[in-house]
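Here is a short briefing to read beside the structure. Keep the 3D view open and find each residue as it comes up.

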Amino acid sequence: MQSRWSDAEAKDFVARYAVKGVNEDLALRTYTTRLLGTDPKLVLHGGGNTSVKTRARDLLGDEVEVICVKGSGWDMGNIEPQGLPAVRLEPLRRLRKLAKLSDEDMVNFQRVNLLDSSAPNPSVETLLHAFLPHKFIDHTHSTAVLALTDQPDGEAIVRDLYGDRVAYVPYTIPGFALAKSFFQFFERNQKVEGLVLLQQGIFTLGAGAGEAFEPMIHSLTLREEVRRLQRNQRKKAALPERPATVPETAPFLPGPSRTAAARRADP
Ligand SMILES: [Zn+2]
């Protein structure tokens with residue numbers, strides 16, 4: 001899979017939105033969200049969400065730290081900056097210390113911390129984005145991840161591919177519990193580059209606009225290669241011309257017969 005990021009296009013987005021008073025972070029977030037959203041391999045059934053942490057001015061002219069996160073009702077493929085509403089970051093971060101939080105309270109808390117009260121509801125996965133320090137976070141329901149993790153040994157396959165570069169979480173209802181468990185994982189392993197939500201998708205974390213985006217593309221390329229390899233191996237596998245003899249199978253069997261037969265097979 002080829003990255004569709006283009007420096008010229010990114011610059012064009014920044015210039016075009018600067019005229020409308022949109023800062024560079026949000027312009028680039030709009031650009032890469034569209035790149036992800038228009039790739040059918042990455043966004044299944046319109047799923048996924050993205051965010052950027054930046055600064056904005058409130059009505060009093062005070063600069064506040066905000067997270068601009070995909071709002072509900074917007075399609076990633078043709079998103080505009082207003083589809084990534086700004087929420088005050090500090091109050092969201094403070095939710096980390098709660099033991100639990102109902103969905104209703106979470107949605108309400110996110111809404112009351114919007115800079116613009118007429119903005120759409122921030123994504124249900126906003127807290128996962130907010131709890132982590134990474135500037136750009138991308139989440140897609142990638143078909144490659146779904147294809148791999150939908151298999152009975154899906155978790156083992158993705159663990160083989162990524163090792164401890166990413167966290168693995170069985171699909172649970174998104175929201176506070178998922179956000180908190182991933183944050184706790186991050187605290188133990190700060191080098192983590194992403195999260196595989198089994199049967200759901202992948203989150204990638206980055207400091208720059210292209211940084212969260214590029215690992216996503218890279219990891220998909222990697223997976224595509226592995227799948228091609230697995231397909232080729234399956235094609236090559238054929239039935240043996242004759243059944244295996246006892247000495248041939250003995251090394252794989254437990255017990256005393258294994259030693260005796262193996263000795264006979266390998267004098
Ligand atoms: Zn999702």
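This is a predicted model: local features need pLDDT of at least 70, side-chain atom pairs count only at pLDDT 80 or more; totals for chains, interfaces and linings use all residues.

Start with helices α1 and α2, whose axes come within 8 Å. Then turn to the zinc ion, which has His139, His141 and Gln200 as its protein donors. Finish with Val112, which is exposed, and His134, which is buried.

**Helix α1 against helix α2**

- Two packed helices are described by the angle between their axes and the distance between the axes.
- Helix α1 covers residues 7–18, and helix α2 covers residues 24–37.
- Their axes come within 8 Å and cross at roughly 130°. That angle makes α1 oblique to α2.
- The crossing of α1 past α2 is right-handed.
- On the α1 side, the contact is made by Glu9, Ala10, Phe13, Val14 and Tyr17.
- On the α2 side, Glu24, Ala27, Leu28, Thr30, Tyr31 and Arg34 take part.
- Sorted by class, this contact has 7 nonpolar, 1 polar and 3 charged residues.

**The zinc site**

- Which atoms are the protein donors of the zinc ion? They are NE2 of His139, NE2 of His141 and OE1 of Gln200.
- These donors lie 2.1 to 2.7 Å from the zinc ion.
- Along the chain, the donors follow the spacing H-x1-H-x58-Q.
- His141 sits in the loop between β4 (136–140) and α6 (143–149). Gln200 sits in the loop between β6 (194–197) and β7 (201–206). The pair therefore ties together parts that are 59 residues apart in sequence.

**Val112 in helix α4**

- Val112 belongs to helix α4, which spans residues 103–112.
- The relative accessible area of Val112 is 56%, so Val112 is exposed.
- How far apart are Val112 and Val87 in space? The C-alpha to C-alpha distance is 8.6 Å, while the two are 25 residues apart in sequence.

**His134 in a loop**

- His134 lies in the loop between α5 (126–131) and β4.
- The relative accessibility of His134 is 16%, so His134 counts as buried.
- What does His134 touch, leaving aside its neighbours within four places in sequence? His134 is in contact with Lys53, Phe186, Val192, Leu205 and Gly206.

Methods:
Residues are numbered from 1 along each chain as its sequence is written. Side-chain values use heavy atoms; hydrogens and water are left out. Axes are lines fitted to C-alpha atoms, for helices over the stretch in contact, and angles run from 0 to 180 degrees between N-to-C directions. Helices (H or I, at least four residues) and strands (E, at least two) are DSSP runs, numbered from the N terminus. Angles under 35 degrees count as roughly parallel, over 145 as roughly antiparallel, 65 to 115 as roughly perpendicular and the rest as oblique. A crossing is left-handed if the near helix is turned anticlockwise from the far one by less than a right angle, and right-handed if clockwise. Contact means heavy atoms within 4.5 Å. Ala, Val, Leu, Ile, Met, Phe, Trp, Tyr, Cys and Pro count as nonpolar, Asp, Glu, Lys and Arg as charged, and the others, Gly among them, as polar. Donors are N, O and S atoms within 2.8 Å of the metal (3.2 Å for Na, K and Ca); water is not among the atoms, so sites may look incomplete. Buried means under 20% relative accessible area, exposed over 50%, partly exposed in between (1.4 Å probe, protein chains only).
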